[in-house]
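Please have a look at the structure first.

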Amino acid sequence: MAIIESPAIRWHGDRLELLDQRALPLESRWLSYENAEDTAHAIRDMVVRGAPAIGITAAYGVVLAARILGSEASLSNLQPAFDVLAASRPTAVNLFWALQRMQAACQLQGEPLIEQLSAEAVQIHQDDRDMNHRLAQHGVAMLPPDKQVYTHCNTGALATGGHGTALGIIRSAWAAQRITGVVAGETRPWMQGARLTSWELLQDNIPVTLVVDSAAGHVFKGGGIGAVIVGADRITANGDTANKIGTYNLAVLARHHGIPFIVAAPLSTIDPQLACGDAIEIEQRSAAEVRSIHGVQVAPENVPVFNPAFDVTPAELISAIVTEHGVIEQPDTDKMAAHLASAGNPR
Ligand code: MRU
C-alpha cells in the first residue's frame, strides 16, 4: 500500500508513524505505532496534538486494533480499542467524531472489515487537508488587508491533515499578499506557538515575530494587528469555543482594542449536542508541566498548580467562525444551526 502522509502523520498500512512534536523544533524524530493502546498514549502524551490530528490518529489506531484481531475483528471486539482511544484526551471533539465515523464503518456491508476501516481512516486523513484548503479560501477575505495577524497555539500542518486551520488561512493570506506578517504567542506551558508555529512559518518564509503570551495586550495597543485568528477544539451549538488556554484572554483583549477575533475550524470541530461552552469538559494536565520548563524546574516542587489545557471563549466575543462551508459572522445558536443545515447537517 502507498504511504498516506502529511507533515506529522504517516500511514504505512500496517503501522502508523507520528512526528514526535514534543521534540520539535530541536529534533525531527518519527515514532512508530502498531496497536491502539500505544496510539492512545501518543495522543495523551502530546506526541501528536491539535484537534484534527488527534482525530486522524485515533482513526488509524482503530485500524491497528482491527489488524491485530484479524478475522475476529468486529464492532464489539473493537470496543476496548474505541474505549482506550476515546479516553486519551477529553476536550477536542474531532477525536470522538473520528471514532464515530470508524464505528459507522464497522457496520458497512461489503468489503472485509479491515479494508473498510482502513479506507475510512485514510478518507478522514485526506478529507481534513482538503477541508483546510476550502476553509482557507473563505478565511482570507476576513482578514483586514496590509496588517499583521496575531495567532495562538499551533493550528498548522502539524495539527491537522495538512495546511492547517487558522494557520492555513494565514498561509493562504500571505500567498495572496493580504497580510504583512504574523505575531505568534508562545503558548505556555507546552509552547506550541514558540516551538511549532514559529517553526512552520519560518519554513514557509512567512515573517513571524514571537512574543510571550503576556505581551498580547501591549501588542494589540500598538495598533499593527488587523485580526486575532485561532483554531478550536470544540465549538458548541451557540458558537462558544474551547481552544488552547489563553484564547479567552486574547478574545477579551481583542474586543477592548476593536480587533476582529476569528475562529477557524472544520465542521468536525462543531459539537451541536452541547448547548453552550459550560458543558465542555476541560482537560486538566499535570502540575509538572507548569512547575518545569523542558525538564528544568522553575517553581517550588510542592507549590499547588492549576493547569487547564483549554478555556472557553463565549460566542459574543467571536467576530466570525470560519469553516470549510463558509463564514458565520457574530455566531449564535440560530446562525450555527443554519450553517450546519446548509452544509447538509454533517454533525
Ligand atoms: O493541546 P493541543 O496542542 O492539542 O491544543 C491544540 C489547540 O488548542 C489548537 O488550537 C486546536 O486543536 C486547533 S488545531 C487545528
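A disulfide is taken here as a pair of cysteine sulfur atoms within 2.5 Å. By this rule, the count comes to zero disulfides. The model is a predicted one, in which local features need pLDDT of at least 70 and side-chain atom pairs count only at pLDDT 80 or more, while totals for chains, interfaces and linings use all residues. Residues are numbered from 1 along each chain as its sequence is written, and side-chain values use heavy atoms, with hydrogens and water left out.

Buried means under 20% relative accessible area, exposed means over 50%, and partly exposed is in between (1.4 Å probe, protein chains only). On that scale, cysteine 106 is buried at 13%, whereas cysteine 276 is partly exposed at 27%.

Now to the pockets. On a 1 Å grid over the protein atoms alone, a pocket is an open set of points where a 1.4 Å probe fits, with protein on both sides within 12 Å along at least five of seven lines; lining residues have an atom within 4 Å of a point. A volume is the space filled by probe spheres set on the points. For the classes, Ala, Val, Leu, Ile, Met, Phe, Trp, Tyr, Cys and Pro count as nonpolar, Asp, Glu, Lys and Arg as charged, and the others, Gly among them, as polar.

| Pocket | Volume | Lining by class |
|---|---|---|
| Largest | about 210 Å³ | five nonpolar, three polar, three charged |

Helices (H or I, at least four residues) and strands (E, at least two) are DSSP runs, numbered from the N terminus. In the largest pocket, α10 (288-291) and β13 (292-293) each supply at least two lining residues; the lining includes Arg22, Trp190 and Glu289. For the second largest pocket, α9 gives the most, with three residues, and among the lining residues are Tyr150, Asp213 and Leu253.

Finally, consider helix α3 (residues 79-86), whose buried residues are Ala81, Phe82 and Leu85. These cover an arc of only 100° around the axis (taken from the directions from the helix axis to the C-beta atoms), which puts them on the same side of α3. What covers them includes α1 (36-44), α2 (51-69) and α4 (93-106). Alanine 81 is buried at 6% relative accessible area. Leaving aside residues up to four places away in sequence, alanine 81 touches Ala36 and Ala65, where contact means heavy atoms within 4.5 Å.
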